[in-house]
Structures are given as structure tokens and as C-alpha cells.
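User: Please walk me through this structure in questions and answers. Keep it brisk.

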Amino acid sequence: DNNPITARAHTNIALVKYWGKKDEKLIIPNNSSISLTLDEFYTETTVNFDDNLHQDIMYLDNKKVNSIKSITNFMDIVRNLSNINKFAKIISYNHVPTSAGLASSASGFAALAAATSKAAGLNLNDKELSKLARRGSGSATRSIYGGFAEWKKGTNDKNSYAVSIQNPVKMDINMIAIILDNQPKKISSRKGMKISVNTSPYYNAWEKQTTKDLETVKDAIYNNDFTALGKTAELNSMRMHSLTLSSDPSYLYLNKDSLLVINHIKALRDKGIECYYTMDAGPNVKIICQSKNIKKIKSELLQSFDEEKIKISKPGEGIKYL
Ligand code: DP6
């Protein structure tokens with residue numbers, strides 16, 4: 001019975017964002033989304049079901065996690081699927097700055113879904129794994145896959161899951177993350193998107209526009225069109241952040257350092273260096289660029305930020321069992 005399983009999942013950054021649910025319990029989104037999985041940021045999780053445990057226990061980066069309700073709820077789903085009634089010991093290591101908008105919940109729940117389902121004796125394919133990961137966190141659906149992935153919104157528990165669009169990635173594409181703030185964000189994406197859905201007068205326009213952005217980005221991937229991809233991803237990200245500003249109460253994930261990065265990117269573009277930016281539910285900015293421009297972008301950023309805050313990443317791979 002004691003058969004520990006370890007899985008690794010990489011984080012992903014959405015090029016067309018998921019922002020809003022039509023079913024909060026099952027995590028069914030209002031719009032489909034597209035992402036790139038990154039190789040530099042990942043979570044490794046070991047799960048062991050144990051007869052001697054009376055509740056689930058979890059360690060994250062060697063520290064005991066005290067409030068694990070979302071984890072226990074997730075484990076209950078797997079227990080129901082597999083008819084297991086044991087509890088589990090979960091040991092997780094995050095190679096992602098937690099809760100700083102680098103989507104650690106994506107790699108976290110993808111790795112947990114893979115390790116837990118296998119430890120429970122379930123042999124899930126990628127589609128089933130994606131659906132299971134979705135129950136933990138929406139963005140985790142896409143971290144099952146390497147390269148470009150699309151979460152097809154669907155309408156219910158059975159048909160809302162991600163698929164691979166392209167892996168390995170053909171495009172020369174890198175993401176440079178500037179780590180601005182390691183503090184946990186004040187408004188979680190879960191809470192933020194709920195406020196946007198309920199109060200932003202622009203929410204319907206977002207849904208409509210995102211459907212178009214999704215097609216543009218998908219075409220750009222198939223046509224290897226870096227410019228169309230970068231430009232649309234940047235616009236889509238700022239459209240999402242406009243929802244936060246237009247909500248009641250209004251809130252904002254950008255801080256003054258985020259604006260500083262954006263200004264550097266605009267200065268680079270004025271010098272003819274092509275690069276774009278995207279941001280999630282935190283202040284960090286991710287720069288989308290081709291390999292030939294990494295050096296110049298880095299030296300521009302070094303004017304304002306320390307070297308260790310600048311993390312360059314290439315496309316990463318999907319779920320792996322270790
Ligand atoms: C801005 O997946 O963290 O990163 O489903 O409530 O857990 P829950 O939300 P989460 O939201 C991610 C929001 C985003 C955009 C994206 O990754 O698509």
C-alpha cells in the first residue's frame with residue numbers, strides 16, 4: 001500500500017488569459033485560454049497514501065502547511081474516483097516564487113493531480129488528468145502539457161479540459177520574468193476574477209474580445225508569426241487588467257515596478273528591438289521575445305533591476321513521473 005509517486009509539472013503563462021468562471025465549484029471558465037509552458041519554473045510533488053494517517057498532511061518546501069482545505073477537497077475528489085479511503089502524505093517543492101503571479105497554483109495542482117491519481121491506482125490519460133487538475137485550479141489544466149496548450153472552456157465537468165496545440169514548440173520564443181515582489185498577492189486570482197465578473201461593466205466585451213484574441217494567437221502559432229503572437233498576448237493581458245480597474249471595488253495588480261518594466265519595454269521597441277509583455281494576478285512582468293534579442297533586453301533591464309531578479313525561460317515540457 002505504501003507506494004510513493006512523484007510527479008513534476010511546469011508552470012504555464014497564459015497568452016490569452018482565463019479570467020472568470022461560470023461555475024465556481026467545478027471551475028468551468030467563461031472563456032477558453034492559451035498558454036506557453038515554461039521550463040524554468042516547476043513543482044515536484046510526492047504523494048503517499050498511508051493506512052496510519054487520520055488526515056492528509058502536506059509539506060511545502062519542507063514546511064508543514066496548516067490550512068490545507070483546498071488540498072483536502074482535491075484529495076477527496078481523487079478518493080471518490082478511486083474508492084480509496086486512506087489519507088495521504090504530500091511532499092511538495094516549488095521551484096516558482098509562490099503567489100507572486102508566476103502561477104504556482106498551475107504547476108502545483110498539475111503535479112498533485114498526476115502524483116495523487118497514480119498513487120491511488122488510477123491510470124488517467126492527459127485529458128482526464130487535465131480535468132482533474134482543473135478541480136484544483138483552472139490554470140492547472142494547461143500545465144499537463146508542454147509547449148502551447150489550449151484550455152477549451154466547455155460547458156460542464158466532462159468537457160472542460162486542455163489540449164496540446166504544439167509541442168515541441170517550433171517558434172523561437174522565450175519568456176523573461178522579472179521577479180518584482182515575492183510577497184503573496186493581496187487579491188487572489190480566484191477572488192479578483194469573481195469581482196470582475198460580478199461588477200465590471202466591460203466583462204461582456206472582454207468575453208467577446210478574448211474569443212477573437214484566441215483565434216489570432218492560435219493562427220500565429222500555426223503560422224510561426226512571432227509578431228502577431230506577441231502583440232495579441234500583450235493586448236489581451238492589458239484587457240484583463242482593465243477589468244480589475246473597472247471593477248467595484250476597483251483593484252490593481254500592477255505596481256510602480258511593473259510600470260517601470262513596461263517603460264523599459266517601450267524604450268526597447270523604440271530602438272527597434274521587438275519584445276512584448278504580459279502580466280497575471282501579481283506585479284511581475286513577463287517579457288515575450290526571440291533569442292536574438294535576449295542580450296539587449298537583459299542589459300536594458302539591468303539599468304533598474306538586479307541580475308538575480310531576471311529569469312529567462314524557454315518552452316518547457318509536460319507532466320513527468322520521476
Ligand atoms: C491571470 O487558475 O489561479 O493567471 O481557477 O480560481 O484557481 P483559479 O484561478 P487561477 O487563475 C489564473 C489567472 C491568470 C490567467 C491564466 O492563467 O489564464
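Analyst: Axes are lines fitted to C-alpha atoms, for helices over the stretch in contact, and angles run from 0 to 180 degrees between N-to-C directions. Helices (H or I, at least four residues) and strands (E, at least two) are DSSP runs, numbered from the N terminus. This is a predicted model: local features need pLDDT of at least 70, side-chain atom pairs count only at pLDDT 80 or more, and totals for chains, interfaces and linings use all residues. Residues are numbered from 1 along each chain as its sequence is written.

User: How are α7 and α8 oriented to each other?
Analyst: Helix α7 spans residues 256-270 and helix α8 residues 294-301. Their axes come within 10 Å and cross at roughly 135°. Angles under 35 degrees count as roughly parallel, over 145 as roughly antiparallel, 65 to 115 as roughly perpendicular and the rest as oblique. The two helices, α7 and α8, are therefore oblique.

User: Which residues of α8 meet α7?
Analyst: Contact here means C-beta atoms, placed from the backbone, within 7 Å. From α7 come His264, Ala267 and Leu268. Their counterparts in α8 are Ile297, Glu300 and Leu301.

User: What is the class make-up of the contact of α7 with α8?
Analyst: Ala, Val, Leu, Ile, Met, Phe, Trp, Tyr, Cys and Pro count as nonpolar, Asp, Glu, Lys and Arg as charged, and the others, Gly among them, as polar. On that scheme the contact has four nonpolar, one polar and one charged residues.

User: Are α5 and α6 roughly parallel or roughly antiparallel?
Analyst: Helix α5 covers residues 203-222 and helix α6 residues 226-245. Their axes lie 9 Å apart, at an angle of about 165°. So α5 and α6 are roughly antiparallel.

User: How do the residues of the contact of α5 with α6 divide by class?
Analyst: The α5 side includes Tyr203, Trp206 and Asp213. The α6 side includes Leu229, Asn236 and Arg239. The division is nine nonpolar, five polar and two charged.

User: Which residue stands opposite Ala177?
Analyst: Strands β10 (residues 174-178) and β12 (residues 285-289) pair in the antiparallel sense over five bridges. In β12, the residue opposite Ala177 is Lys286.

User: Where is the proline of the cis bond from Asp248?
Analyst: The cis peptide bond runs from Asp248 to Pro249, with omega near 5°. Pro249 is in the loop between α6 and α7.

User: Where is Pro168?
Analyst: A cis peptide bond joins Asn167 and Pro168, with omega about 0°. Pro168 is in the loop between β9 (161-166) and β10.

User: Which residues are closest to the ligand?
Analyst: A residue is near a molecule if its C-beta atom, placed from the backbone, lies within 6 Å of it. The ligand is surrounded by 14 residues. By class, the shell has five nonpolar, six polar and three charged residues. The closest are Ala14, Ser137, Gly138, Ser139 and Arg190.

Technical notes. Pairing = 2+ DSSP bridges. Contact = placed C-beta atoms within 7 Å.
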